[in-house]
Amino acid sequence: MHTIVIGGGISGLAAAQRLLASGTRVTLVEGSTRWGGKLRTGEIAGVRTDLGAESLLARRPEAVELAREVGLGGALRPPAVGGAAIWTGGSLRPMPQGHVMGVPDSPAALVGLLSDAAIARIAEDARLPPSEVGDDVSLGAYVADRMGEEVVDRLVEPLLGGVYAGDVRRLSMRATVPQLFEAVRREPSLLAAVRRARGQATARPGEPVFLGVDGGVGTLPDAVAAHCAEAGGTLLSGSAATSLRRDARGWTVTLASGRELHAPAVLLALPAGPAGDLLAPHAPGAARELREIEHASMALVSLAYRRVDLARLPRGSGFLVPAVDGRDVKAATFVSSKWDWVAAQDPAIFVVRASIGRWGDDRAVHRDDDDLVELARADLREAVGLGARPVASVVTRWVDGLPQYTVGHVDRVARIRSAVADLPGVAICGAAFDGVGIPACVAGAREAARTVAATLPPGPPAEAGE
């Protein structure tokens, strides 16, 4: 009962943790020298903060459950402030209520954000005949057809496009907003479908939609890794897997060092490209499909200001920026306002971070750090008046970090999994499949662990008293 888990991001860690809990012996290998993939913390001006994902979607239970299982339950924190905004048309406008990823359930909430003509166009949706979505449809194209281009450009793109750093006119509704896709197939209008999807949301009144972690979401991977080590797992960082072959003993994984590992089962928790490289000799069709998944690159620019240098602090938790406005920054977070644990470390410092980069335009992430800092400063100065010079900056690049769920993605994933299922003792998971958020990655990891565990022979029965 031994499984080699390849990939030490949150998916691989969650899979290893679940396998160990089921009594399976686990060897976890990771090519880099740290755990966590796109989850990481760092310091800026002596203040510890997240340099990757900063929150967990609380309405899905998987990530919160994992945090509690590895001892971080007491560190979970809701945001200290809400009040996100959209920076468009030269001003900050409050994020409207009553929407699913920017698709509104009523035009009334959009007064002041969209033009009168766009609001009237949204209202027409209720009078249009139903639109067929078939097996899948572009979210942006469908919403534009039902409600007009402006609602796509000013609402859907900054919200959903921000999550994927993608083009919403290429992204799949079925893959990115499955609850809305199912509702659209049942309701006569898009407005009615949004209301149905919102009614099915699992968040209870008064409960936070998102949770952070005191010390940073980037502490979650190390906590899971420590939990796995305590449970008897073997963890090998700085050990990239270079090949995978099947033999009489099951599967052999060769590491960059030349060391070979043997086990009856292997679980791949890698980005799509590297996973395809390992699978190519065994499942060429799956490898081809994995390599065809496109990715977007982005950079996070974290800035630290002295509060005394700021004429006024920006209000709310941050803002999103529609791509149509032509700005460099696509989103900004007022970190010290949003997370009280960040502010408490040094009340004299105010931390802000800005996100730069979208699918199809990776020029930003290849600029040098100083250029990216100046791009971020220019937009922050114009948006919220942050004209002071920061006392410190940190640039974090995520090259090819966000898989794009284009139309047909769900069927692509099904074909990949079907091909992998033909390989005895192999399973696959990661952000390229069922969602880029942490809860979705954890859920996929748990399912992959269950699949692998079902292929393993039963272990010896426990001795009496054990």
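Mentor: Keep in mind that this is a predicted model. Let's begin with two tyrosines: both Tyr164 and Tyr405 are buried.

Trainee: Okay. How are the rings of Tyr164 and Tyr405 arranged, then?
Mentor: They form a tilted aromatic pair. The centres are 5.3 Å apart, with 55 degrees between the planes.

Trainee: Where in the chain do Tyr164 and Tyr405 sit?
Mentor: In distant parts, 241 residues apart. Tyr164 belongs to helix H5, residues 149-164. Tyr405 is in the loop between strand E21 (392-403) and helix H15 (409-421).

Trainee: How many aromatic pairs are there by this rule?
Mentor: The count is three.

Trainee: Which residues form an aromatic cluster?
Mentor: Trp87, Phe319 and Phe334 make up one cluster.

Trainee: What about charges over rings? What lies over the face of Trp359?
Mentor: Arg170 does. The distance to the ring centre is 3.9 Å.

Trainee: New topic: strands. What is the order of the strands in the open sheet?
Mentor: Five strands, running E12-E2-E1-E16-E22. The pairing is parallel.

Trainee: Which ones are the edge strands?
Mentor: Strand E12 (234-237) and strand E22 (426-428). Each of these pairs on one side only.

Trainee: How many degrees does the twist average from one strand to the next?
Mentor: It averages 15 degrees.

Trainee: Let's zoom in. How many bridges join strand E1 and strand E16?
Mentor: Four bridges, in the parallel sense. Strand E1 covers residues 2-6, and strand E16 covers residues 265-268.

Trainee: What stands opposite Ile6?
Mentor: Leu268, in E16.

Trainee: And what holds strands of a sheet together in general?
Mentor: They pair through backbone hydrogen bonds, either parallel or antiparallel.

Trainee: How far is Cys429 from the nearest cysteine sulfur?
Mentor: The nearest is the sulfur of Cys441, 8.2 Å away.

Trainee: Is Cys429 buried or exposed?
Mentor: Buried, with a relative accessible area of 0%.

Trainee: And Cys441, buried or exposed?
Mentor: Cys441 is buried too, with a relative accessible area of 5%. Cys441 is in no disulfide either, and the nearest cysteine sulfur to it is that of Cys429.

How values were computed:
Residues numbered from 1 in each chain as written. Predicted model: local features only at pLDDT ≥ 70, side-chain atom pairs only at ≥ 80, totals over all residues. Heavy atoms only, no water. Pairing = 2+ DSSP bridges. Helix = DSSP H or I, 4+ residues; strand = E, 2+ residues; numbered from the N terminus. Axes fitted to C-alpha atoms, helices over the stretch in contact; angles between N-to-C directions. Phe/Tyr/Trp six-rings, centres within 6.5 Å; stacked < 30°, edge-to-face > 60°. Buried < 20%, exposed > 50% of the residue type's maximum accessible area, 1.4 Å probe, protein only. Lys NZ or Arg CZ within 6 Å of the ring centre and 35° of its normal. Disulfide = S-S within 2.5 Å.
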